[in-house]
Amino acid sequence: MTFHVTDAFRPVTLGMQSFEAARLGALRLVGPIDRSETVSLDEALGRVLAETIVAPCDLPAFDQAAMDGYAVRFADVAVGPLRVDGVTHAGDAPTRLAPKCAHRIMTGASLPTGADTVVPYEETVTLREGLAMPGSIKPEGNIRRAGEDIARGETVLTKGRRLAWPEIAALAALGIGSVRVTAPIRVSLLTTGAELRSAGEALPAAGIYDSNGPMLMALLADSGVDVTRTTVGDSYDALTERLADASRQADLIVTSAGMSSGDRDLVRAALAAVGGTIAVSSVAIKPGKPLALGGVGGAAFVGLPGNPQAAAFCALVFARPMIAALSGRPRSAPIMALSAFATGHSSEKTELVPVALETVSGQLTARRVGQPGSHRLMPLLAADALAIVAAANAPLRAGDRLEVLPFHPPEFQGVPS
């Protein structure tokens with residue numbers, strides 16, 4: 001993928017962008033990668049199809065019994081008791097039904113030639129002169145016809161479909177043992193700050209353990225996503241070197257911290273030094289104002305804030321959908337919930353709020369959790385989603401509808417079309 005900015009979203013967009021403009025703009029910076037690989041079904045869970053799957057055969061492949069019983073010719077049922085002749089189990093070679101006979105058959109077994117109905121065992125009576133069927137028998141009953149589920153030549157799965165267990169079941173049933181999927185999306189994650197230390201290292205006075213690096217790596221990692229993580233101090237030379245390397249290897253570069261205007265906020269300058277472009281320089285959101293979107297070399301770029309909650313929420317809103325778009329997955333419909341809280345104020349900025357989702361009277365409801373503060377981690381432990389409180393002239397009221405982004409399910413990673 002070669003980075004480009006479309007005419008609809010030219011660099012540099014000066015000034016603060018609205019949340020929705022930046023959200024849609026992020027997706028204009030990326031498109032499906034053109035790399036693919038073939039994997040076995042055992043390795044395909046969570047991957048994204050790079051091809052459309054057309055059924056190579058019918059499913060079922062042949063007419064078969066839908067339950068244990070007797071295969072008969074419907075016209076023979078009214079003649080009188082039928083002689084029982086033969087038995088077919090699942091996997092047995094097809095056979096032929098003798099005239100005026102009933103053929104024992106098991107669920108999934110091939111229907112004998114000449115039979116057009118399967119009568120369940122419990123609807124038959126064994127007499128001395130043969131098998132009687134006193135109940136109301138329906139012609140064509142209890143038969144699975146060849147191709148009634150999936151017909152040969154039918155489109156089963158389209159390119160861009162994410163493979164979960166139902167898709168894998170269908171592929172396996174059609175005898176497809178391997179599929180072509182989008183190659184792993186390459187994400188380069190750079191955390192910045194001279195104060196950062198890894199867990200286990202000695203912690204100097206005023207030093208902090210790096211939580212953003214492990215957090216963002218876990219948040220962005222997924223099936224078909226390779227994330228590499230590097231911690232860079234406040235060294236301009238080291239940062240430019242890492243950005244230059246990542247621009248040649250990654251599809252998406254994500255940085256943490258260093259996006260404000262302090263003496264040691266070096267990411268913007270380093271990005272420019274290696275030929276990068278910033279398309280959005282700040283966004284009207286809380287938390288997360290010092291956010292940048294752009295690109296460098298062959299990679300799109302997301303510059304996240306440094307506070308953990310702000311970094312996590314901006315990654316959920318911007319970076320995850322960009323990864324989905326790189327994989328070729330279609331945009332997801334927004335998940336809406338009823339707010340169980342009120343803001344008590346209007347706001348010129350969109351607010352990202354940690355919430356716990358629950359169902360109340362059949363309605364998905366979002367309840368605000370934790371104390372305010374983008375530095376706090378405890379609210380993330382109590383929450384399972386973030387709520388998007390749109391900028392508005394009026395306060396949010398309890399019972400208003402708002403969009404939520406669940407933390408965990410990878411399907412909920414898109415934005416409205």
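How are α1 and α7 oriented to each other: roughly parallel or roughly perpendicular? The two helices pack at an angle of about 30°, and α1 and α7 are therefore roughly parallel to each other. This is a predicted model, in which local features need pLDDT of at least 70, side-chain atom pairs count only at pLDDT 80 or more, and totals for chains, interfaces and linings use all residues. Residues are numbered from 1 along each chain as its sequence is written, and side-chain values use heavy atoms, with hydrogens and water left out.

**Helix packing**

- Helix α1 covers residues 19-28 and helix α7 covers residues 308-326, and their axes are 9 Å apart.
- Helices (H or I, at least four residues) and strands (E, at least two) are DSSP runs, numbered from the N terminus.
- Axes are lines fitted to C-alpha atoms, for helices over the stretch in contact, and angles run from 0 to 180 degrees between N-to-C directions.
- Angles under 35 degrees count as roughly parallel, over 145 as roughly antiparallel, 65 to 115 as roughly perpendicular and the rest as oblique.
- The crossing of α1 and α7 is right-handed, meaning that the near helix is turned clockwise from the far one by less than a right angle.
- On the α1 side, Phe19, Ala22, Arg23, Ala26 and Leu27 make the contact (heavy atoms within 4.5 Å).
- On the α7 side, the contact is made by Val317, Phe318, Pro321, Met322 and Ala325.
- The residues of this contact comprise 9 nonpolar, no polar and 1 charged; Ala, Val, Leu, Ile, Met, Phe, Trp, Tyr, Cys and Pro count as nonpolar, Asp, Glu, Lys and Arg as charged, and the others, Gly among them, as polar.

**Sheet**

- An open sheet of 4 strands has the order β6-β7-β5-β8, with mixed pairing; two strands pair if DSSP finds at least two bridges between them.
- Its edge strands, each pairing on one side only, are β6 (83-88) and β8 (117-120).
- From one strand to the next, the twist averages 35°.
- β6 and β7 (residues 101-105) run parallel and are joined by 4 bridges; Arg83 stands opposite Cys101 in β7.
- β5 (residues 69-72) runs antiparallel to β7, with 3 bridges between them; Ala71 stands opposite His103 in β7.
- β5 also pairs with β8 in the antiparallel sense, over 4 bridges, and Tyr70 has Val119 of β8 as its bridge partner.

**Domains**

- The protein chain is assigned domain 1 (16-35 + 184-326), domain 2 (38-58 + 148-181), domain 3 (64-144) and domain 4 (335-406); these bounds come from an automatic or database domain assignment.
- The C-alpha centres of domain 3 and domain 4 are 61 Å apart.
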